[in-house]
Structures are given as structure tokens and as C-alpha cells.
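Have the coordinates open and follow along.

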Amino acid sequence: MDTFPVTIGIGKRHLHYPTPIQYYTFALQTCSVSFIQFLLMRFNYILLFSLIVFSLSSCHDKILVDVVVHHGKIYTVDSLSTMAEAFAVKDGKIIAIGKNEEILMKYKGIDVVNAKGYPVYPGFIDAHAHFVGYGRSLFEVNLYDCKSWDEVITRVQTFVLANPNEKWIRGRGWDQNKFPGQAYPDNAKLSATFPGKPILLERVDGHAAIASNTALELGKVTTTSTIQGGTIEVKDGKVTGLLIDNAVGLVSRIVPRPVKADYRKWLDAAQNRCFEQGLTTITDCGLMYYEAEMIDTLQRDSVLKMRVYVMLTDSASNFLRYLGKKPYKTDKLYIKGVKAYADGALGSRGACLLQPYTDKPGWMGFLLNPISHYDSLAAMLVNTDFQMCTHAIGDSGNRMVLRIYNKYLKGKNDKRWRIEHAQIVNKEDFNLFGSASVIPSVQPTHATSDMYWAADRLGAERLKGGYAYKQLLEQNGWIALGTDFPVEDISPIKTFYAAVARMDAKGSPKGGFQPENKLTREQALKGMTIWAAKANCMEHETGSLEIGKKADFIIVNNDLMLAPENELLDTKVFTTFVGGDRVYGK
């Protein structure tokens with residue numbers, strides 16, 4: 001009798017089974033129903049055993065990797081906008097991507113993630129934020145959304161009672177535009193409530209602050225003090241405590257420098273908040289060398305897992321430390337930008353305008369430095385590999401920077417110099433972005449925060465060149481998006497919503513603020529991923545889910561490309577991975 005190809009060894013015995021055809025023939029001959037059932041049962045056991053052997057053999061042949069993600073709706077955000085279902089990760093990078101059966105048959109993951117059909121995106125990249133400043137703010141007085149100066153004082157009182165050992169009290173987030181009458185406060189009640197206490201409370205945008213009398217005395221700020229690129233408000237022969245733009249530095253520079261333990265506490269808290277939001281890379285705009293080096297130290301200590309692109313503050317000590325070398329780069333840190341500041345903010349009327357403010361006749365704001373300063377900086381940086389990244393809000397500030405950039409870049413190029421905010425641009429100057437390949441780095445939530453009062457500052461006609469993201473995108477075919485947190489909320493989902501809907505969380509105004517400058521959903525997603533990576537010269541490493549790139553990705557509950565507009569803000573992050581390591585979620 002012929003035997004079935006599978007022979008099973010048990011100890012020294014070998015069991016040989018007839019073929020299925022022979023079973024069938026023998027059964028017909030015996031015509032015994034019970035015997036046929038017995039044979040079929042034994043055949044099923046053989047079939048089951050064969051499948052187990054095949055399965056074990058297949059598992060043994062699979063390639064062991066760190067992570068396998070399967071059954072996802074994967075937006076790769078590659079150049080073809082390819083969709084995928086699964087991918088495999090090894091040593092922090094994506095090594096394969098494709099269909100479920102392709103990945104699952106070939107790879108065995110130590111960590112296997114069933115995405116259950118939910119959307120998978122590249123980790124979000126914030127193209128403009130203040131990571132260190134945000135971390136610090138989490139341990140200071142939170143003044144965001146205060147509706148009056150009295151509420152500010154109350155919050156400071158609560159903080160002082162909870163932190164009796166704090167020698168300096170710092171806070172941030174107040175906005176006089178939310179106070180009755182929208183007038184700037186003074187420090188009279190602050191100083192009377194906290195006598196002898198040095199206090200510095202920054203406006204929401206960081207371009208103005210109120211200092212207590214004790215803080216002013218320590219900073220030696222008097223009615224005769226002067227500062228280039230800033231103002232010290234004096235009323236009735238006394239300083240009021242209001243400091244605008246560079247004047248804030250007269251007090252902030254004497255605040256004791258934090259130590260490693262402070263940074264560790266701040267940045268650990270900051271990165272956890274970021275990971276919850278799906279952020280895997282942060283562009284920190286304007287750091288001193290010792291802050292950048294502390295980030296490097298904490299990353300090497302494995303305390304900090306967040307990827308950080310650093311713009312160094314426009315400072316001689318920073319230049320001395322870095323500009324004679326190539327940009328500094330590790331797996332998670334890239335120090336390549338230099339952050340200059342052209343003017344102040346629109347909310348504090350420090351933005352430099354071509355014509356006077358509509359709500360303050362005769363006042364046009366100011367530049368923070370002489371034009372020669374920016375010209376000299378551009379002349380120096382054009383011969384290096386560092387990017388020049390300049391904060392410019394007003395139409396005059398933007399025009400000045402754009403003309404200097406065009407002077408030194410001399411046409412199309414790949415230097416990737418940036419203008420941060422590019423908030424108000426004269427209609428005659430938009431082409432200067434395209435002519436020198438200047439990157440507009442914008443924050444969509446600024447539009448939906450400022451829309452309530454921006455027309456008061458600018459007038460309807462001038463406002464048409466404000467927050468003009470579609471016009472800016474058209475100059476080079478791409479644009480980088482960020483939040484500017486802690487100035488705005490940290491949420492990249494709010495960035496996406498503001499970019500595509502141009503409305504606030506209540507759905508106002510109907511149809512969107514200046515809807516002609518809405519971005520498409522695909523453009524907004526790219527602005528938060530691959531285009532943000534490109535703005536940081538990191539597009540070959542991050543920003544999309546492709547073979548060879550870092551495995552930074554998130555899984556969310558909502559499809560940003562298809563969800564109804566009024567449901568976009570309901571999007572939540574389930575899981576965040578950085579370099580193949582799960583840093584948030586289960």
C-alpha cells in the first residue's frame with residue numbers, strides 16, 4: 001500500500017498512513033458508516049497536524065524585526081501619496097511597507113501592532129515652536145485665557161501659596177485684548193499685593209511683559225532707561241512695569257539661570273505632552289547654546305526621546321560656539337538654524353508696518369535692530385551651511401527681510417532660508433518668496449486667534465495680505481506649518497483644522513476667515529509632516545513613512561482626510577512611536 005507523504009516519528013516507532021484516496025476506496029468497500037466517520041476523523045487530525053507543522057516552519061523562516069504594524073490605513077505621505085496597510089521596523093527605521101499579507105508572511109515583530117483599520121500617519125512635526133519655553137511654562141503661573149487683570153493677580157496668588165520657596169515668580173499668557181477696554185495694565189496692584197517679590201509676567205506672545213517694582217529695581221529699570229528695539233512705558237513720571245520687546249530682556253536677563261535638574265523636569269513634562277498630541281519632532285525657535293547643549297545631554301541620557309531641530313538665537317556667544325563648524329547633528333538633535341528677530345508682535349503693536357496702525361494713528365511699530373544688523377547677518381550666513389530664519393510679522397518687517405534675502409541668495413537656490421510667521425505681507429512682496437526660494441513658516445492658529453481684532457489693527461484692505469497661507473504656498477509649491485506653542489495651543493490637530501477650515505472651535509465665522517486662503521487637507525497634512533521636515537532639511541530622514549526613514553508614526557481615531565469638518569477637532573491620538581519605540585499609548 002502507498003503511504004501519505006507525511007511520516008510522523010514517535011520515539012523509535014514510525015506511523016505510516018494511507019493516502020486519502022486509499023481511505024476513500026477502502027471505506028466504499030466496507031460500506032460501514034461508523035468506520036467512514038472514524039477514518040474521516042483521523043484524516044482531519046492529520047490535516048491539522050500538517051497545518052501546525054507548516055505554521056511553525058513558516059514562523060521559523062520569518063525575519064525578526066522590532067515592530068510590525070498591520071491592518072492600518074497608512075498615509076505614507078510619500079511623493080505619490082501612496083496608501084499602505086502594514087510595515088516593518090528594524091533598528092529604528094522602516095525596512096518594508098506594503099500589504100498586510102506581504103508584511104505578515106515575511107516579518108515577525110517583537111512588538112506587533114494591529115491598527116484595526118485606523119489611520120496611521122507620519123509623526124507630526126511642529127515647524128515653529130518653543131519647546132524649552134513650553135516646558136518651563138508648565139511650572140510657572142498659567143495666565144492663558146485670563147479675562148481680566150484681576151484674574152491674573154488671583155492666579156499669581158494661588159501659585160505663590162503653592163510654591164512658597166520660589167524666589168522669582170514668572171508667568172505667561174495674559175492678553176490685554178481679552179480684558180475689558182483692551183487696555184494694557186500696569187504693575188500697581190501686582191506690586192502692592194506682593195511687596196518685595198520679583199515677578200515677571202509675559203504676554204501671550206512673549207513680546208511684552210509686566211514686571212513688579214522689585215523686579216524693575218533688580219533690573220535697574222528707571223524712567224531714564226533706554227533700549228534699542230523696545231519700549232519702557234512711563235506714565236506720570238513713573239515706570240508702569242510694562243516692557244515691550246527688547247525691554248523685556250532688561251529684567252529677564254537677571255533671572256537666575258536654571259540647572260540640569262530644572263531642564264530635566266521641564267523637558268520631560270514637555271515631551272510627554274507632545275507625544276500625547278502625536279508630535280515626534282519639534283523645531284525650537286531661538287535657543288542659547290547652553291540650552292541646546294542641555295537638550296543634547298538629556299537625549300544622550302535617554303531622558304529626552306523627542307527629536308529637536310534647533311534655531312540658535314541671534315547672539316555673538318552662539319556664533320562663537322557654532323558658526324565656525326558644520327551644523328551639529330545626532331540621531332535626535334539638529335542644530336542648523338539661526339533665529340533673528342525683525343520686529344515684534346501685532347497684538348502688542350510691536351510689528352513694524354509700512355503705514356500707521358489703524359487703531360493707533362501715527363504709530364508704525366519698529367524694527368528690533370538696525371537694518372544693517374540683518375544685512376551683516378545674512379552676509380555671514382550665506383557662506384555657511386546654517387539656515388537664516390527670521391521672525392517677521394508686519395509688512396514692513398517682511399519687506400525688509402525679503403529684500404535682504406534676495407540680495408544674498410541671488411535667485412532660486414536650496415539654502416532654505418526661512419521667514420517665521422510671514423504674517424502680514426504687502427501684495428507687492430509675495431513674489432519675493434518665490435524669487436529666492438524663501439520658505440514661509442506659518443502658524444494657522446494665529447489666524448483664528450487674531451481674526452477677532454486684526455482688522456482693528458490693520459483695516460480691511462491691508463488685512464487681505466495677512467495670514468495668506470494659500471498665496472504663500474503658491475510661491476514655492478510648499479509651506480511649513482507649526483503652532484508657535486506656548487503662544488498658541490500645542491495641538492497639531494488644531495493647526496490642521498485652522499488651516500483647512502479657518503474657523504475657531506465654535507465653527508465661527510461661518511465659511512471661514514478669509515476662506516480664499518484655506519489649504520486643502522492634503523496640503524495641511526504635508527505642511528505638518530514632509531514639508532515641515534523639508535523646512536528643517538530633514539526630509540530624507542523623517543516626514544513620511546518610507547523604506548529607510550525613521551519609524552516616527554502615530555495611530556489616530558479619525559481620518560483627517562475624510563472626516564466631516566466639524567469632527568476634525570475630535571481627533572485623538574492612540575499611539576505614538578519615535579524611532580520604532582512606543583513613547584505614548586498602548
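Proline 486 sits in the loop that runs between strand E24 (480-481) and helix H19 (492-501). This is a predicted model, and in it the peptide bond from phenylalanine 485 to proline 486 comes out cis, with omega near 10°. There is another cis case to check: serine 508 and proline 509 are joined by a cis peptide bond with omega about -5°. Proline 509 is again a loop residue, placed between H19 and helix H20 (521-527).

While you have the backbone torsions up, look at the positive phi values too. Aspartate 91 has a positive phi of about 55° although it is not a glycine. The loop that holds aspartate 91 lies between strand E6 (86-90) and E7, and the residue has 64% relative accessibility, so it counts as exposed. Cysteine 537 is another non-glycine with a positive phi, near 60°. You'll find cysteine 537 in the loop between helix H21 (530-535) and E25; with a relative accessible area of 22%, it is partly exposed. Glycine 579 also takes a positive phi, near 55°, in the hairpin of E26 and E27, where 2 residues sit between the strands.

Threonine 576 has tyrosine 584 in E27 as its bridge partner.

Now for a sheet elsewhere in the chain. Its 4 strands form an open sheet in the order E7-E6-E3-E8, with mixed pairing. At the edges are strand E7 (93-98) and strand E8 (107-114), each pairing on one side only. From one strand to the next the twist averages 30°. Strand E3 (residues 63-70) and E8 run parallel and are joined by 7 bridges, with valine 68 partnered by valine 112 in E8.

Next, histidine 446, which belongs to helix H15 (residues 444-450). Is histidine 446 buried or exposed? Its relative accessible area is 7%, so histidine 446 is buried. The side chain of histidine 446 makes a polar contact with the side chain of glutamate 488 at 3.0 Å. Not counting residues up to four places away in sequence, histidine 446 touches several others, including His421, Gln423, Tyr467, Asp484 and Val487.

Gln423 turns up again in the contacts of glycine 465: leaving aside neighbours within four places in sequence, glycine 465 is in contact with Gln423, Ile424, Val425 and Phe430. Glycine 465 is placed in the loop between helix H17 (460-463) and helix H18 (469-476), and at 10% relative accessibility this glycine counts as buried. Glycine 465 and lysine 427 are 38 residues apart in sequence, yet their C-alpha atoms are 6.1 Å apart in space.

On to the rings. How many aromatic pairs does the structure hold? There are 14 aromatic pairs. Two examples are laid out here.

| Pair | Centre to centre | Angle between planes | Type |
|---|---|---|---|
| Tyrosine 289 and tyrosine 290 | 5.4 Å | 80° | edge-to-face |
| Tryptophan 363 and phenylalanine 366 | 5.9 Å | 75° | edge-to-face |

Why does the pair of tyrosine 289 and tyrosine 290 count as edge-to-face? The planes of the two rings are at 80°, and planes over 60 degrees apart count as edge-to-face. Tyrosine 290 is partly exposed at 24% relative accessibility. Tryptophan 363 is partly exposed as well, with a relative accessible area of 25%, whereas phenylalanine 366 counts as buried at 14%. Elsewhere, Trp149, Trp174, Phe179 and Tyr184 form one aromatic cluster.

The charged end of arginine 257 is placed over the ring of tyrosine 290, 3.7 Å from the ring centre. Lysine 265 lies over the face of phenylalanine 139, at 4.8 Å from the ring centre.

Conventions: Residues are numbered from 1 along each chain as its sequence is written. This is a predicted model: local features need pLDDT of at least 70, side-chain atom pairs count only at pLDDT 80 or more; totals for chains, interfaces and linings use all residues. Side-chain values use heavy atoms; hydrogens and water are left out. Two strands pair if DSSP finds at least two bridges between them. Axes are lines fitted to C-alpha atoms, for helices over the stretch in contact, and angles run from 0 to 180 degrees between N-to-C directions. Rings of Phe, Tyr and Trp (its six-membered ring) pair if their centres lie within 6.5 Å; planes under 30 degrees apart count as stacked, over 60 as edge-to-face and the rest as tilted. Buried means under 20% relative accessible area, exposed over 50%, partly exposed in between (1.4 Å probe, protein chains only). A charge sits over a ring if NZ of Lys or CZ of Arg is within 6 Å of the ring centre and within 35 degrees of the ring normal. A polar contact is a pair of N or O atoms within 3.5 Å; within protein, one must be able to donate a hydrogen and the other to accept it, and residues adjacent in sequence count only if both atoms are side-chain atoms. Contact means heavy atoms within 4.5 Å.
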